[in-house]
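Visitor: Could you show me how to read a helix and a backbone angle in a protein model?

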Amino acid sequence: SLLPGLSREEIEQRCSWFPATIPDPVVEMYMWRNVQASDVWGEPNPFWFRDMSFSSLEIAKDEYQRMVSSYGVDNTLEDDGVILETSFPFAAFNGGWYVVPSEEHALPVGSRYPVVCLLEGIDWFFVSIEKMLDTCHDWVRHDSYKYEDAALEEDVEMSIWRQHNPGVFSD
């Protein structure tokens, strides 16, 4: 189960390590809820954003350092569409991250704060945190969702994904 949210002041204080302004949608999400009481393996019903776990602010700090030291090396706006040094990692799992850029990006999405996935590349996955939550909600509410596998048939998953995030995965 998710913990109660934090105040804006608590979030800013706990994230004083972050070198930019924390994106408003990230702050709003942590004000809504403050992750699980334990990690995903310790929770009977873990909270996932598809294949990434909602990170505590303390874990986000460690994940930020890992992200910048791996994907952040040689990262440019021109090549990657986003500057990772000023992107906040709010979810992670097994060397992958969901981040929200806090500064200008060059991604082909009509949103100031898209959700970007770092896993075997840098790709935008959701138009916004709000659209990510809508997408995840519709996935798990679908009749064919298999909770034990946390999975849907690929065509159903992609249909819901594209419904909420027009242009995602287009060439």
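This is a predicted model: local features need pLDDT of at least 70, side-chain atom pairs count only at pLDDT 80 or more; totals for chains, interfaces and linings use all residues.

Visitor: How many residues does helix H3 have, and how far does it reach?

Guide: Helices (H or I, at least four residues) and strands (E, at least two) are DSSP runs, numbered from the N terminus. The expected span of a helix is 1.5 Å times one less than its number of residues. Helix H3, residues 57-70, has 14 residues and reaches 20 Å from first to last C-alpha, close to the 20 Å expected.

Visitor: Which residues of H3 are buried?

Guide: Buried means under 20% relative accessible area, exposed over 50%, and partly exposed in between (1.4 Å probe, protein chains only). In H3, Leu 57, Ala 60, Glu 63, Tyr 64 and Met 67 are buried. They lie on the same side of H3 because they cover an arc of only 115° around the axis, taken from the directions from the helix axis to the C-beta atoms.

Visitor: What about phi?

Guide: Most residues other than glycine have a negative phi. Arg 50, although not a glycine, has a positive phi of about 60°; Arg 50 is found in the loop between strands S3 and S4 and is partly exposed, at 30% relative accessible area. Asn 94, also not a glycine, has a positive phi of about 45°, and Asn 94 is exposed, at 67%.

Terms used: Residues are numbered from 1 along each chain as its sequence is written. Side-chain values use heavy atoms; hydrogens and water are left out.
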